[in-house]
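Me: I am new to this structure and would like to go through its helices step by step. Could you begin with the terms that are needed?

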Amino acid sequence: RRIQVGTVVWGLVLTVLAVLLLLVNTVNLSVDPVLLVLCLTLGAGLALLLGGFLSGLQRSRSSR
């Protein structure tokens, strides 16, 4: 069974958000929320694109 790239990426996004929220509340870490959302969205989008591209390459190689 294949790994679903979208599920992994969104799981990582949620984990990063949870860890950052924990750090903000326990260590008094100062985080700009707009920059945080921008970076997470950019990272998730790039990971989804890369995962889709690699999955497509793997499928094309296996169908030969």
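Reply: Helices are DSSP runs of H or I with at least four residues, numbered from the N terminus. The model discussed here is a predicted one.

Me: In which helix is the place of Leu-49, and is Leu-49 buried or exposed?

Reply: Leu-49 has its place in helix α2. A residue counts as exposed when its relative accessible area is over 50%, and because the value for Leu-49 is 61%, Leu-49 is exposed.

Me: How are helix α1 and helix α2 oriented to each other, roughly parallel or roughly antiparallel?

Reply: Helix α1 covers residues 5-26 and helix α2 covers residues 33-62, and the two pack with their axes 9 Å apart at an angle of about 160 degrees. Since angles over 145 degrees count as roughly antiparallel, the relation of α1 to α2 is roughly antiparallel.

Me: How do the residues of the contact of α1 with α2 divide into nonpolar, polar and charged?

Reply: On the side of α1 the contact includes Val-9, Trp-10 and Leu-17, while on the side of α2 it includes Leu-40, Ala-44 and Gly-51. Counted by kind, the residues of this contact are twelve nonpolar, two polar and no charged.

Me: Which residues of α2 are buried?

Reply: Among what covers the buried residues of α2 is α1. Being buried requires a relative accessible area under 20%, and the buried residues of α2 are Leu-40, Ala-44, Gly-51 and Ser-55.

Me: What distance does α2 reach from its first C-alpha to its last?

Reply: Helix α2 has 30 residues, for which 44 Å would be expected at 1.5 Å a residue.

How values were computed
Residues numbered from 1 in each chain as written. Predicted model: local features only at pLDDT ≥ 70, side-chain atom pairs only at ≥ 80, totals over all residues. Heavy atoms only, no water. Axes fitted to C-alpha atoms, helices over the stretch in contact; angles between N-to-C directions. Parallel < 35°, antiparallel > 145°, perpendicular 65-115°, else oblique. Contact = heavy atoms within 4.5 Å. Nonpolar A, V, L, I, M, F, W, Y, C, P; charged D, E, K, R; others polar. Expected span 1.5 Å × (residues − 1). Buried < 20%, exposed > 50% of the residue type's maximum accessible area, 1.4 Å probe, protein only.
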